[in-house]
Amino acid sequence: MTTVLLGSLLTIAAWCDWRHRKIPNALTSSAIMLGCCYQWYTGTFWTSLSGVMGAFLLTAIPVACKGMGMGDLKLLMAVGAWSGWTEVYPLFLHSMVLCVLFVLLYPRSWPRLGKNLFVMAAGWTAHRQLWLPGVEKTAFAFPYAVFLLGAFLLRHMLHKVGAA
C-alpha cells in the first residue's frame, strides 16, 4: 500500500516540479502529516520520525547552498514519513546519482557549471564567503522531484527482479 501511495505522491510532485518548478505545500505537508498518522496508527511512529528527520538532515545543506528548493526537502521528508530512514537514505543517494549523470550527459549545463564553480571559488578565496548564484543563474536548476521519482521506480524495478 505504501509503495502505491509513495509512487502516486512522487508522480504528482514530479509533474508539478517539471511543469511549474514548484511542488505544492498542500501536497507535501499533507503527505507528511498523513504518513506520520499512519505510522502512529500501525505502531511504527519512530520509523516515520527517523525518516522525516533523516530526510531533513540529508537535504539541509543542499537547500542552504541553493542546490535544492524547500519543496524538494519537504517531498523527501514526506517519503521519509511513509517509509522511514532505511528507504530515504538509498533513495536520496540514487536520486543524486541520477542528477549527476544528467548533468554529465547534458552538455548545455557545462558552461554555467564552470562559471558557478569559478564564482564560488573566487568568493571563497577572496573573502572566505561562499558566493552562491541566484536560482535563475545556477547550473543545477533541475526538477529534483523527477529524479526522485526515477530513483524510486528504479529501486522498485530492481527489487522486483531481485537485484537489490
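These legends walk through several close-up views of the predicted model shown above.

Residues are numbered from 1 along each chain as its sequence is written, and side-chain values use heavy atoms, with hydrogens and water left out. Because this is a predicted model, local features need pLDDT of at least 70 and side-chain atom pairs count only at pLDDT 80 or more, while totals for chains, interfaces and linings use all residues.

View 1. Helices (H or I, at least four residues) and strands (E, at least two) are DSSP runs, numbered from the N terminus. Reading from that end, the order of elements is α-α-α-α-α-α-α. Of the 164 residues in the protein chain, 39% are buried; here buried means under 20% relative accessible area, exposed means over 50%, and partly exposed lies in between (1.4 Å probe, protein chains only). Take the contacts (heavy atoms within 4.5 Å) with a separation of 6 or more: 72% of them join residues 24 or more positions apart.

**View 2. Helix H7 covers residues 144-161.** Its 18 residues should span 26 Å at 1.5 Å a residue, and the end C-alpha atoms are 26 Å apart, which agrees; the expected span is 1.5 Å times one less than the number of residues. Among the buried residues of H7 are Tyr144, Phe147, Leu148 and Ala151. An α-helix has 3.6 residues a turn, so residues three or four places apart point the same way. The cover over the buried residues of H7 includes helix H1 (2-20), helix H4 (70-83) and H5. After H7 comes glycine 162, with a positive phi near 85°.

**View 3. Serine 95 sits in helix H5 (residues 85-105).** Serine 95 has a relative accessible area of 0%, so it is buried. Leaving out residues up to four places away in sequence, serine 95 touches Tyr144, Phe147, Leu148 and Ala151. With tyrosine 144, a side-chain to side-chain polar contact of 2.6 Å is found. A polar contact is a pair of N or O atoms within 3.5 Å; within protein, one must be able to donate a hydrogen and the other to accept it, and residues adjacent in sequence count only if both atoms are side-chain atoms.

**View 4. Arginine 155 and glutamate 87 meet in a salt bridge.** The N to O distance is 3.3 Å. Arginine 155 belongs to helix H7 and glutamate 87 to helix H5, so the pair ties together parts that are 68 residues apart in sequence. A salt bridge is a side-chain nitrogen of Lys or Arg within 4 Å of a carboxyl oxygen of Asp or Glu, and by this rule the count comes to one. Side chains of opposite charge can pair when their charged atoms come close. Arginine 155 is buried, with a relative accessible area of 12%, and glutamate 87 is buried too, at 15%.

**View 5. Serine 50 lies in helix H3 (residues 45-64).** Serine 50 counts as partly exposed because its relative accessibility is 32%. A polar atom of the serine 50 side chain lies 2.7 Å from the backbone oxygen of threonine 47. Setting aside neighbours within four places in sequence, serine 50 is in contact with Gly84 and Trp85. The C-alpha atoms of serine 50 and serine 83 are 9.5 Å apart, although 33 residues separate them along the chain.
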